[in-house]
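Dear colleague,

Please find below the structure for your records.

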Amino acid sequence: MPAIATAGAKRGASGAGTCAGAYVVAKDAASLAKASTAVLCLVNAERTSRGLPGIRASAKLAGVARGHSEDMVANRAVSHIGSAGSVQDRVTQSGYRWRAVAETLTWGASRRSMPLRLVASFMQSSMHRSILLDPIYRDLGVGLAAGMPAGSAAGTSATLTLVFARS
């Protein structure tokens with residue numbers, strides 16, 4: 001099972017069958033993009049299956065999330081504090097004006113790097129599931145990077161950062 005971590009702050013059902021790319025093992029830029037789209041779809045499937053509103057993709061938050069995943073892989077470190085600071089720092093620096101923000105992290109190798117498995121790892125943790133299903137969040141940045149921040153993996157691996165926010 002991949003490792004997972006979360007951070008958050010507040011200020012002031014599987015959809016694999018309907019989510020294209022849910023089983024993609026990301027190996028290059030095109031497959032990373034397809035897998036990222038699948039992650040958003042899977043998160044929304046979990047939310048809407050429980051009567052919650054879907055969450056919108058945010059380009060600003062995606063840049064924050066992708067940058068953090070790439071930073072963790074490059075520095076071989078798992079942390080909510082990266083080279084550009086905390087999730088709150090990074091989101092603020094992006095120009096996104098937030099009232100609530102949270103971040104979840106996971107990674108996997110081989111089949112465990114598929115979007116379906118990465119989102120499932122979040123849903124198996126009560127803390128992460130509560131963030132994914134929190135109706136306060138309206139915007140999501142999906143940041144998928146090739147490689148792992150810790151351990152060693154033979155073959156393909158991926159690191160996923162999700163940045164949830166509400167303006």
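Cys 41 is partly exposed, at 25% relative accessible area, whereas Cys 19 is buried, at 3%. Here buried means under 20% relative accessible area, exposed over 50%, and partly exposed in between, with a 1.4 Å probe and protein chains only.

Please note that this is a predicted model, in which local features need pLDDT of at least 70, side-chain atom pairs count only at pLDDT 80 or more, and totals for chains, interfaces and linings use all residues. Residues are numbered from 1 along each chain as its sequence is written, and side-chain values use heavy atoms, with hydrogens and water left out.

The structure holds one disulfide (a pair of cysteine sulfur atoms within 2.5 Å). Cys 19 and Cys 41 form this link, with their sulfur atoms 2.0 Å apart. The link is left-handed, with -80° about the S-S bond. It joins distant parts of the chain, 22 residues apart: Cys 19 lies in the loop between β1 (4-10) and α1 (29-48), and Cys 41 in helix α1. Helices (H or I, at least four residues) and strands (E, at least two) are DSSP runs, numbered from the N terminus.

A search of the whole structure also finds one aromatic pair. Tyr 137 and Phe 164 form a tilted pair, 5.9 Å centre to centre with 50° between the planes. Rings of Phe, Tyr and Trp (its six-membered ring) pair if their centres lie within 6.5 Å; planes under 30 degrees apart count as stacked, over 60 as edge-to-face and the rest as tilted. Tyr 137 sits in the loop between α5 (126-132) and β4 (139-146), and Phe 164 in strand β5 (residues 157-166), 27 residues apart. Both Tyr 137 and Phe 164 are buried.

Yours sincerely
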